[in-house]
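Here is a short briefing on one protein chain. Keep the sequence and the 3D view side by side as you read.

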Amino acid sequence: MDDVIVLGAGVIGLTCAVRLLEAGARVRVVTADEPGQTVSRLAAAVWYPTHTEADPRVLGWAHRTYDILMAQAVEAIPGVAPRPTRMVIRRPTGTPWWAGAVPDFTVHPGERPGPDARRLTDEGPADLAEGDEWPGTDARRYTDERPAGDEAPPRDEGPSTGARNSTEQPAPGGERSSTRPEGVTGEWRFTVPSAEMEAYLPWLAERVRALGGTLTRGRVARLADLGGQAGTVVNATGLAARGLADDAAVFPARGQIVVVANPGLETSVRDEEHPGGMTYIHPRSRDIVLGGTFQPGDWNEAPDPATTAAILRRCAELVPELAGARPLREAAGLRPAREGGPRLEVDPEPLPGGTRVVHCYGHGGAGVTLSWGCAEEVVRLAL
């Protein structure tokens, strides 16, 4: 009999399986789809707790995942890299609740994006004035040699808010900004880890196998059908948990992306409050993921041509280098969201045969961002 059955092989299920195997458990992953066919494959997968409410547990998971992914970037784990990011702000706002997890988070009031500021050279930002602050790739400081439960290495996070206010910084391009796009009040700048899922999901699956775990294909109609087959079942089924766990709080949040060729951009740009809809530009090693949408309750997985055109238009407004970009690929997927945020707990009702259930689902668009932190809590609950 297995110690643990992990149900689901997206990024949440696979990271849970890895940590459980590293803790010495005998683990079998049961999945309806191969990892490369799960909704995780569509994730732009740049660390950011999008559409996630402030919560101390969530911050802990996000913080831990940040540290682990940055360490993996240092180790050259397939697909993982640090990503400088600029977040456009369109209304007065304080420091975000997650800023304490990001050591180089800075606030730049009154600055506009500036198209060329997103190009980097080997010497650093090619076009920022001397003294202008830019998020550094501090991944070198994260060498995940400590045991999984140990504290992260000390980090200089500035004031207790975790943010530094750079009101005197020149605007991108080396000049002080006298104009900016209508409605833009400033920027947040920071560096976060990213993962290209085409490479990262296969690495996770291979890590499961290398640690002695197994991955088997199969659809489970009821959690009760797994009773007696393992000491614990980890329910990491994402959207399917709506039926399997009888949880009406689970709902789809449709997202659509467009993939285009990369003209040489290195920095992610976000505009979560663009009047036309959430907008992001995420460069990768060979292309750029453009987005996007967040459509609660929409079950349509077919890309919409009008949405593609709107995404391309919004992204070119933010980054003019993308004007005229031709889609290489379009895709839509259903984020496994949940009212009240992720569910990570032991079910009070065991399955037949006394099998315990640990639920770990409802991460929405923040699955990669919360994955490793959640996986370590699953280990604490499951073993």
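Is Phe 105 buried or exposed? Phe 105 is buried, with a relative accessible area of 0%. Keep in mind that this is a predicted model. The mean pLDDT of the chain is 85, and 81% of its residues reach 70 or more.

- Residues 111-162 have a pLDDT below 50. This stretch still has 140 contacts in the model beyond near neighbours in sequence.
- Residues 166-179 also have a pLDDT below 50. Here the model shows 37 contacts beyond near neighbours in sequence.

**Aromatic rings**

- The whole structure holds nine aromatic pairs.
- Trp 98 and Phe 105 form an edge-to-face pair, because their planes stand at 90 degrees. Their ring centres are 5.5 Å apart.
- Trp 98 has 3% relative accessibility, so it counts as buried.
- Tyr 200 and Trp 203 form a stacked pair. The distance is 5.7 Å centre to centre, with 15 degrees between the planes.
- Tyr 200 is buried, at 1% relative accessible area. Trp 203 is partly exposed, at 21%.
- Ring pairs also link a cluster. Its members are Trp 47, Tyr 48, Tyr 66, Trp 98, Phe 105, Trp 188 and Phe 190.

**Helix α3**

- Tyr 200 and Trp 203 both lie in helix α3, residues 197-210. They are three residues apart, about one turn of the helix.
- An α-helix has 3.6 residues a turn, so residues three or four places apart point the same way.
- The 14 residues of α3 should span 20 Å at 1.5 Å a residue. The end C-alpha atoms are 19 Å apart, which agrees.
- Which residues of α3 are buried? They are Met 197, Tyr 200, Leu 201, Leu 204, Ala 205 and Val 208.
- Seen down the axis of α3, these buried residues fall within an arc of 130 degrees, so they line one face of the helix.
- Gly 212 follows α3 and has a positive phi, near 100 degrees.

- Five of the five residues of strand β14 (residues 287-291) are buried, so the strand is largely enclosed by the rest of the structure.
- In a regular strand the side chains alternate between the two faces of the sheet.
- Both faces of β14 are covered. Asp 287, Val 289 and Gly 291 are buried on one side, and Ile 288 and Leu 290 on the other.
- Strand β11 (residues 250-261) pairs with β14 in the antiparallel sense over five bridges. Val 260 stands opposite Ile 288 in β14.
- Strand β13 (residues 279-283) runs antiparallel to β14 and is joined to it by four bridges. Ile 281 has Leu 290 as its bridge partner in β14.
- A hairpin of three residues joins β13 to β14.

- Most residues other than glycine have a negative phi, and most peptide bonds are trans.
- The peptide bond from Gly 291 to Gly 292 is cis, with omega near -5 degrees. Gly 292 is in the loop between β14 and β15.
- Ala 76 is not a glycine, yet its phi is positive, about 60 degrees. Ala 76 sits in the loop between α2 and β3. At 58% relative accessible area, Ala 76 is exposed.
- Asp 246 is not a glycine either, and has a positive phi of about 50 degrees. Its place is the loop between α4 and β11. Asp 246 is exposed, with a relative accessible area of 69%.

Conventions:
Residues are numbered from 1 along each chain as its sequence is written. This is a predicted model: local features need pLDDT of at least 70, side-chain atom pairs count only at pLDDT 80 or more; totals for chains, interfaces and linings use all residues. Side-chain values use heavy atoms; hydrogens and water are left out. Rings of Phe, Tyr and Trp (its six-membered ring) pair if their centres lie within 6.5 Å; planes under 30 degrees apart count as stacked, over 60 as edge-to-face and the rest as tilted. Buried means under 20% relative accessible area, exposed over 50%, partly exposed in between (1.4 Å probe, protein chains only). Helices (H or I, at least four residues) and strands (E, at least two) are DSSP runs, numbered from the N terminus. pLDDT is the predictor's confidence in each residue, from 0 to 100. Contact means heavy atoms within 4.5 Å. Two strands pair if DSSP finds at least two bridges between them. The expected span of a helix is 1.5 Å times one less than its number of residues. The arc is that of the directions from the helix axis to the C-beta atoms.
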